[in-house]
Structure formats: C-alpha cells, structure tokens
Amino acid sequence: MGKTTTAVNLAASLAVAEQRTLLVDGDPQGNASSGIGLSREAIATTVYEILIGEATIPDARHRGVQFRTLDVVAATPDLAGAEVELVDHPRRESAMRDAIETVRDEYDYVLIDCPPSLGLITVNMLTAADALLIPLQCEYYALEGLSQLLNTVHLVQRSVNEQLAIDGVLLTMFDGRINLSRQVAADARDYFGPKVFESVIPRNVRLAEAPSFGKPIILYDVASVGAQAYMSVARELLDRHRREGDRAQSALVHP
C-alpha cells in the first residue's frame with residue numbers, strides 16, 4: 001500500500017469532505033484509474049493526449065467519479081509512449097503544468113499519482129506540483145529508497161521547479177507490534193519532524209481488497225481501520241492548509 005493507494009483514497013476522502021478534487025493518474029500502469037472505478041472501456045482520452053498536446057484536461061476528465069466533487073483524468077499503458085514523444089516538445093518538462101494551470105481555479109486539490117521511476121513523465125508531474133506528499137512504507141528498504149527520492153526532488157528543484165516542496169510524509173503499512181515499523185516511523189519523524197502526519201496507515205486486509213472492486217476504501221468498507229485512517233489523513237491535511245491559508249497540488253511519489 002503506497003502511492004496509488006494513497007492517491008485514490010486521499011482523493012476520495014477529500015471529496016467526501018466537500019473539497020473539489022481532481023485526481024490525475026500519471027502512471028502508465030493506470031492503477032489509480034481502475035482503483036477509483038473507471039473501466040478501460042470508459043476511458044477515451046487520457047493523460048497521454050494531454051502531454052502530447054492533443055487534448056486538454058476538460059477534454060479528458062471524468063466528472064463526478066464515485067463522488068460529486070471528484071473528477072479524474074485517467075491513464076492507460078499508452079502513456080509510456082509519451083516518454084519518447086516529449087523529447088522534441090518545446091516545453092517537454094512543463095506540458096502537465098501548462099495543462100493544470102487552465103483548470104487550477106476549479107479545484108481545491110489536484111492529486112497526481114506519479115510513475116515509480118524517474119523519466120520525462122515523472123519530471124512533468126513533479127514540475128506541475130506545488131508539493132510532494134510522500135507515502136513511506138514502514139519496511140526495511142523504504143528509508144534507502146527515500147534518499148534516492150530526495151535526490152530526485154533536489155534535481156527537479158534546481159532544474160525545472162524551484163518551488164517544489166515536501167508537503168508531508170505519510171507512514172503506510174504500519175504495524176505497531178513490529179519493531180521495524182516503529183523504528184522506521186521514529187527515523188522518519190526524526191528527519192522530517194512535523195512534516196510527518198500524525199495519522200498512520202495500518203496494514204489492513206480490506207484496504208488491500210478494495211482496488212479489485214474498483215472502489216476507494218471509504219466506499220468498500222467505511223468502518224474499516226483503513227478507511228478511518230485515510231479520513232484522518234484528509235482531516236489533518238485540511239487543517240494544515242487552513243492554518244497556512246492555501247491549497248496545494250500534490251504529486252504522490254513512491255519512495
């Protein structure tokens with residue numbers, strides 16, 4: 001349970017809180033699209049067409065997916081082809097930012113599910129983002145991967161998006177009975193301080209089952225600990241931004 005689980009379930013939780021939310025599936029695997037309930041047959045225009053300049057977000061978005069205030073821009077494996085097609089694009093790193101700017105005022109939150117590896121698609125998503133929300137699995141290799149992610153963030157900040165910030169770190173797959181989980185959580189809080197959410201996402205069978213039914217956990221089993229955890233994260237995120245008096249587009253990245 002990492003970036004895509006967080007993208008889908010945080011978007012759903014924000015929508016339930018009456019926040020106008022846009023979920024952008026920026027990963028060619030398209031798991032956020034299927035996880036939120038969009039069938040492949042229902043998807044005609046995707047992030048691919050947006051990146052190569054053949055469509056706009058209003059052309060591609062699906063309105064009111066599962067919730068009245070949740071819109072979705074889907075992805076299919078075709079998106080992988082944009083990696084090559086963007087090479088000669090005059091604004092190859094900024095195509096997604098340009099697209100989002102046209103609808104930015106329509107939403108309180110734009111959540112982008114990024115690919116797991118660094119390439120032109122990922123750079124586009126990070127250039128479009130105001131801030132990163134990093135799901136950190138409480139497992140052995142997570143902190144090692146996190147250092148690589150931070151190097152990528154610094155590279156993007158220096159080259160194409162100096163405003164990119166880390167909005168928050170979310171601990172996932174947490175099991176308080178396991179020493180390793182507690183140690184990863186402690187190390188993350190030591191390094192990132194208050195950027196780490198107080199709410200954590202536990203290991204939860206219902207949370208793992210929900211994507212196969214094309215539903216966010218809040219619709220699949222609202223009483224589950226996974227659903228309650230993501231609603232707590234949404235409340236915490238809203239509280240943070242109310243204190244800061246702003247809204248952020250967040251790119252969700254697998255560390």
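Okay, let me start with one side chain: Arg-104 is partly exposed, with a relative accessible area of 26%. Since I'll be using these words a lot, buried means under 20% relative accessible area, exposed means over 50%, and partly exposed is in between, with a 1.4 Å probe and protein chains only. Glu-101 is partly exposed as well, at 39%, and its side chain meets that of Arg-104 in a salt bridge, 3.4 Å from N to O. By salt bridge I mean a side-chain nitrogen of Lys or Arg within 4 Å of a carboxyl oxygen of Asp or Glu.

Quick housekeeping. This is a predicted model, so local features need pLDDT of at least 70 and side-chain atom pairs count only at pLDDT 80 or more, while totals for chains, interfaces and linings use all residues. Residues are numbered from 1 along each chain as its sequence is written, and side-chain values use heavy atoms, with hydrogens and water left out.

Back to the salt bridges. How many are there by this rule? The count comes to 19. One of them joins Lys-3 and Asp-113, with the closest N and O atoms 3.1 Å apart. Lys-3 sits in helix α1 and Asp-113 in strand β3, so this pair ties together parts that are 110 residues apart in sequence. Helices here are DSSP runs of H or I with at least four residues, strands are runs of E with at least two, and both are numbered from the N terminus. Buried or exposed, this Lys-3? Lys-3 counts as buried, at 7% relative accessibility, and Asp-113 counts as buried too, at 0%.

Next pair: the side chains of Arg-206 and Asp-221 meet in a salt bridge at 2.9 Å, N to O. This one also links distant parts of the chain, with Arg-206 in helix α10 and Asp-221 in the loop between α11 and α12, 15 residues apart. Arg-206 counts as partly exposed, at 32% relative accessibility. And there's a network: Arg-61, Arg-63, Asp-71 and Glu-106 are linked by salt bridges.

Now to the inside. Leu-10 belongs to helix α1, residues 3–16, and Leu-10 is buried, with a relative accessible area of 0%. What does Leu-10 touch, not counting residues up to four places away in sequence? The list is Leu-111, Leu-133, Tyr-230, Val-233, Ala-234 and Leu-237, where contact means heavy atoms within 4.5 Å.

Several of those names come up again in helix α12, residues 225–244: among the buried residues of α12 are Tyr-230, Val-233, Ala-234 and Leu-237. The helix has 20 residues and reaches 29 Å from its first C-alpha to its last, close to the 28 Å expected; the expected span is 1.5 Å times one less than the number of residues. What do the buried residues of α12 pack against? They pack against α1, β3 (109–113), β5 (165–172), α10 (205–209) and α11 (217–220).

On to the cores. A nonpolar core is a set of buried Ala, Val, Leu, Ile, Met, Phe, Trp, Tyr and Cys residues joined through side-chain atoms within 4.5 Å. The largest one has 49 residues, and Leu-51 and Met-96 touch the most other members. Helix α8, residues 142–159, supplies the largest share of this core, 6 residues. As background, nonpolar side chains tend to be buried together in soluble globular proteins.

Gln-66 isn't a glycine, yet it has a positive phi of about 70°. Gln-66 lies in the loop between α4 (57–60) and β2 (70–73) and counts as partly exposed at 36%. Met-173 isn't a glycine either, and has a positive phi of about 55°. You'll find Met-173 in the loop between β5 and α9 (179–192), and Met-173 is buried, at 12%.
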